[in-house]
Amino acid sequence: QVQVVESGGGLVQAGVSLRLSCQASGSIFTGSTMGWFRQAPGKQREFVAQISDGHTTYYARSVKGRFTISRDNAKNTVYLQMNSLKPEDTAVYYCNSRRFGGDWSSPLATWGQGTQVTVSS
């Protein structure tokens with residue numbers, strides 16, 4: 001069973017906006033904290049943003065003020081609105097889930113293929 005499916009990536013110019021979507025299985029979405037991660041070539045996967053079921057958000061310093069994470073509980077979907085994109089945002093973007101009060105060392109979903117975001121200068 002595919003637990004998360006990311007979409008919305010693409011090739012864009014610096015300064016523009018892009019919105020990513022992550023459709024999750026209800027079993028891991030309901031009551032859980034959802035998060036976005038990214039992995040650039042030659043680098044480790046890094047945390048980008050998270051949102052709890054109660055809509056509490058937290059962002060990595062590198063994206064704070066530019067990215068907005070949101071969720072639609074009726075659709076089991078989490079979004080990442082990315083504004084003012086920079087070349088350093090280029091990466092494969094992944095989503096995952098964790099239990100409320102847990103930590104990201106225990107993600108609920110299998111890491112998928114992600115969606116590629118490429119920002120040209």
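Trainee: What is the handedness of the link between cysteine 22 and cysteine 95?

Mentor: Read the angle about the S-S bond. Here, in this predicted model, that angle is 60°, and the link of cysteine 22 and cysteine 95 is right-handed. The disulfide has an S to S distance of 1.7 Å.

Trainee: Which parts does the pair tie together?

Mentor: Find the element that holds each cysteine. Cysteine 22 lies in strand S3 (residues 18-24) and cysteine 95 in strand S9 (residues 91-99), so the pair ties together parts that are 73 residues apart in sequence.

Trainee: Are cysteine 22 and cysteine 95 buried or exposed?

Mentor: Both cysteine 22 and cysteine 95 are buried.

Trainee: How many disulfides does the count come to?

Mentor: The count comes to one disulfide.

Trainee: Now asparagine 76. Where does asparagine 76 lie?

Mentor: Look between the strands. Asparagine 76 sits in the loop between strand S7 (67-72) and strand S8 (77-82).

Trainee: Why does asparagine 76 count as buried?

Mentor: Buried means under 20% relative accessible area. Asparagine 76 has 18% relative accessibility, so it counts as buried.

Trainee: What is asparagine 76 in contact with, leaving aside neighbours within four places in sequence?

Mentor: Its contacts include Cys22, one of the two disulfide partners. Gln23, Ala24, Ser25, Gly26, Phe29 and Thr30 are also in contact with asparagine 76.

Trainee: How many helices and strands are in the protein chain?

Mentor: The protein chain has one helix and ten strands. From the N terminus on, the order is β-β-β-α-β-β-β-β-β-β-β. The radius of gyration is 13 Å, close to the 14 Å that the globule rule gives for 121 residues, so the protein chain is as compact as a globular protein of that length.

Notes:
Residues numbered from 1 in each chain as written. Predicted model: local features only at pLDDT ≥ 70, side-chain atom pairs only at ≥ 80, totals over all residues. Heavy atoms only, no water. Helix = DSSP H or I, 4+ residues; strand = E, 2+ residues; numbered from the N terminus. Buried < 20%, exposed > 50% of the residue type's maximum accessible area, 1.4 Å probe, protein only. Contact = heavy atoms within 4.5 Å. Disulfide = S-S within 2.5 Å. Rg over C-alpha atoms; globule rule 2.2 N^0.38 Å.
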